[in-house]
Amino acid sequence: LYRMPITNYGIGYDIHQIDKNSKNGLKLGGIKIPFSKLIGHSDADVVLHAICDSIFGALSMRDIGYHFPNTDKKWKNADSSKFIIYCRNKLKEKGYSVINLDINIIAEKPKINKYVSKMIKNISTLLQIKNSSVSIKATTNEKIGFIGNGEGIEIKLQSFLSIPSTSQKASLFTIVADIIRIFFPDLKRYSSVNGATSIGLNSNRLSPRTSVSTMFSIQLSLLYSLRNLETLHSCLSINSNLFAN
Ligand code: ZN
């Protein structure tokens, strides 16, 4: 019944060129910033794109271009928030939660520190996660290369996702198992077998056949009440091994 949390990491990277002829229209993390816009098929929100890519990476779902091709007119000037909402739905579908996003914005200009709080709020709202799960750091490229020349904005980030453990169910099971053990001192708890916690009879004082059948009935009733078929299957295989012994 107890399943360890499953954790996945994803790397996000994106870069867009700054349209130096434009006066404003920059969007970063869904927040409008009065600065030259970025060139792209959609709204070119480089932060949101990199977040999507890291989530797709962690979920082994290819990349953003696969889901939202820049040849599709549907995504022309699209609000990249839509891409994040798509990711959020995929996370939900697969049972994952975002533990944290660590985002690095690399740009010579504009200075974005005063927009960081707004970006964090917007990203956490879009993903329906806590503000504290989103970290945004900003740095320049020390005037080196094309980022240093102010030709573009680059994002590097890591996302950390998890499928939470079933610890609540596991603790409930442990309490029930402990109560049963008070009445049946021969019961022995088997833990972490195939990721499941189960109890069974110590067969020293009973014939193997009796112990196995009693074990079956106790486990089946517990497992049935908790409706965990996967664990039921693993316990049945343990039982049949014991029976063979
Ligand atoms: Zn992009």
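Axes, in these legends, are lines fitted to C-alpha atoms, for helices over the stretch in contact, and angles run from 0 to 180 degrees between N-to-C directions. Helices (H or I, at least four residues) and strands (E, at least two) are DSSP runs, numbered from the N terminus. The model is predicted, and local features need pLDDT of at least 70, side-chain atom pairs count only at pLDDT 80 or more, while totals for chains, interfaces and linings use all residues. Residues are numbered from 1 along each chain as its sequence is written, and side-chain values use heavy atoms, with hydrogens and water left out.

View 1. Of the 245 residues in the protein, 45% are buried, where buried means under 20% relative accessible area, exposed means over 50%, and partly exposed lies in between (1.4 Å probe, protein chains only). Among the contacts in the protein with a separation of 6 or more, 67% are between residues 24 or more positions apart, a contact being heavy atoms within 4.5 Å.

**View 2. Helix α3 and helix α4.** The axes of helix α3 (residues 81-94) and helix α4 (residues 116-127) come within 8 Å and cross at roughly 45°. The two helices, α3 and α4, are therefore oblique to each other; angles under 35 degrees count as roughly parallel, over 145 as roughly antiparallel, 65 to 115 as roughly perpendicular and the rest as oblique. On the α3 side the residues S81, I84, I85, R88 and L91 take part, and they meet T125, L126 and L127 in α4. The residues of this contact of α3 with α4 divide into five nonpolar, two polar and one charged, where Ala, Val, Leu, Ile, Met, Phe, Trp, Tyr, Cys and Pro count as nonpolar, Asp, Glu, Lys and Arg as charged, and the others, Gly among them, as polar.

View 3. D14 (OD), H16 (NE2) and H49 (ND1) are the protein donors of the zinc ion, lying 2.0 to 2.1 Å from it. H16 in strand β1 (residues 6-17) and H49 in helix α1 are 33 residues apart, and this pair links distant parts of the chain. Along the chain, the donors of the zinc ion follow the spacing D-x1-H-x32-H. Donors are N, O and S atoms within 2.8 Å of the metal (3.2 Å for Na, K and Ca), and water is not among the atoms, so sites may look incomplete.

View 4. A polar atom of the H16 side chain lies 2.8 Å from the backbone oxygen of I39. Leaving aside residues up to four places away in sequence, H16 touches L38, I39, G40, A44, V46, H49, E151, G152 and I153.

**View 5. D43 in the loop between β3 (31-33) and α1 (46-58).** D43 counts as buried because its relative accessibility is 16%. The side chains of D43 and K27 are joined by a polar contact of 2.8 Å, meaning a pair of N or O atoms within 3.5 Å, of which, within protein, one must be able to donate a hydrogen and the other to accept it, and for which residues adjacent in sequence count only if both atoms are side-chain atoms. Not counting residues up to four places away in sequence, D43 touches K27, H49, N77, A78, D79 and S80.

**View 6. L48 in helix α1.** L48 counts as buried because its relative accessibility is 1%. Not counting residues up to four places away in sequence, L48 touches G29, G30, S80, S81, I84, I123 and L126. The C-alpha atoms of L48 and K82 are separated by 9.7 Å, and these residues are 34 residues apart along the chain.

**View 7. E142 and K143 in the loop between β5 and α5.** E142 is not a glycine, although it has a positive phi of about 55°, and K143, also a residue other than glycine, has a positive phi near 60°. E142 counts as exposed because its relative accessibility is 60%, and K143 counts as exposed at 66% relative accessibility.

**View 8. The cis peptide bond that joins K109 and P110.** The omega of this bond is about -5°, and P110 has its place in the loop between β4 (97-106) and α4.
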